[in-house]
Amino acid sequence: MGILGLSKLIFDKAPSAVKENSIKNYFGRKVAIDASMAVYQFLIAIRQDGNQLTNDEGEVTSHIAGLFYRTIRLLENGIKPVFVFDGKPPQMKSGELAKRAERREEAEKQLAKAQETGESQDVEKFSRRLVKVTKEHMFDCKKLLRLMGVPVVEAPTEAEAQCATLVKSGKVYATATEDMDALTFHSNRLLRHMTFSEARKMPIQEFVYDRVLSEMEFTHEQFVDLCILLGCDYCEHIRGIGPKRAFDLLKQHKSIEKILQSIDTKKYTVPEDWVYKEARQLFLQPDVSEASNVELKWTEPDVEGIVKFMVEEKGFNEDRIRNGIKKIEKSRQTSTQGRLDDFFKVMPSTPKTKRKSDTKIKSESAKKKAKTSFKRGK
């Protein structure tokens, strides 16, 4: 779910913290990608005749098709992706997971009705709502990425928290995900739409966290409280308080504790036994692997290993897979060039007044030298 309404709030309250880029602008960048979110996107988006891709044995292959070709696209654009996979969800997330199960159950009922009435659009809509990323999907993806020579990181709990740790340590440039809670975990940069297909023509949105805090005039702790007020995966939020009201209350009172002391609880319903403090702690001190213990290494693709997995096991066309592998190999040659801004620093421009002054001094100095030389007969 991420954080409800956070992206719009940032656009409204901290517009200069967001910029749009094309994928080519990230040449030479190392980017940590929220694998579960990316795989979910592939399962939703990559379809044929309204259904997920499957092989001759009926196995779903949308996830590995998407992962293979989108990863190649990243590599061709000089990006070094790191895919970070979720570990065991925190206990506090159990409430959100239960809600998702209820929504799936309702979607199943709605799908059955749509199939009975023959409403094709509703069938498509509710079928997408039933898509779920499984352990088998994750196993396939980890295997493929390792064969492609792309680093795989398995987080102890939340992938976004692990991505944020890699960003803060300087091991990667940014976190790529659609969930805004990467910022809540203190990722200095967040990239949205990076794993979208080119057909969607969506520019990549880059959120710069330091600028968000600066423009909103919040500390990191206050930003975390804002996200809890907006609605996160770990606890309920106060009913009746929307994004704008949450922002205004936090600007005025600085913390959830002081907000609770001031609001009218008859007007705003505070959840019973509200565990906002525990949620705050999960954001401020998440369970992650130390960045120094995470090794990131990009290697040559295992050509025959990829062919065996994708063609023999999963039923993909061999010519297409081998063409994809050639693109990976070619991308490794071009990616070694690195980014120009890693080698050259931009010097601050000299103000015009200073340049004129310097020119005048040099001119007068040259005249004196010429005069002296003339007197000496040189």
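This is a predicted model: local features need pLDDT of at least 70, side-chain atom pairs count only at pLDDT 80 or more; totals for chains, interfaces and linings use all residues.
Axes are lines fitted to C-alpha atoms, for helices over the stretch in contact, and the angles between their N-to-C directions run from 0 to 180 degrees. Helix α2 (residues 35-45) packs against helix α3 (residues 62-76) at an angle of about 115 degrees, and their axes lie 8 Å apart. Because angles of 65 to 115 degrees count as roughly perpendicular, α2 and α3 are roughly perpendicular to each other. Their crossing is right-handed. On the α2 side the contact is made by V39, F42 and L43, while α3 contributes S62, H63, G66, L67 and R70.

Stepping back to the whole molecule, the protein chain has 16 helices along with 9 strands. Of its 378 residues, 46% are buried. Among contacts in the protein chain with a separation of 6 or more, 71% are between residues 24 or more positions apart. The protein chain exposes about 21300 Å², and 48% of this area comes from carbon and sulfur atoms.

How confident is the predictor, and where does the pLDDT fall under 50? The protein chain averages a pLDDT of 83, with 76% of the residues scoring at least 70. Over residues 339-363, however, the pLDDT stays under 50, and the model has 8 contacts beyond four places in sequence for this stretch. Residues 367-378 also have a pLDDT below 50, and there the model shows 1 contact beyond near neighbours in sequence.

Methods
Residues are numbered from 1 along each chain as its sequence is written. Side-chain values use heavy atoms; hydrogens and water are left out. pLDDT is the predictor's confidence in each residue, from 0 to 100. Contact means heavy atoms within 4.5 Å. Helices (H or I, at least four residues) and strands (E, at least two) are DSSP runs, numbered from the N terminus. Buried means under 20% relative accessible area, exposed over 50%, partly exposed in between (1.4 Å probe, protein chains only). Accessible areas come from the Shrake-Rupley method with a 1.4 Å probe; for residues, only the protein chains shown count as cover. Angles under 35 degrees count as roughly parallel, over 145 as roughly antiparallel, 65 to 115 as roughly perpendicular and the rest as oblique. A crossing is left-handed if the near helix is turned anticlockwise from the far one by less than a right angle, and right-handed if clockwise.
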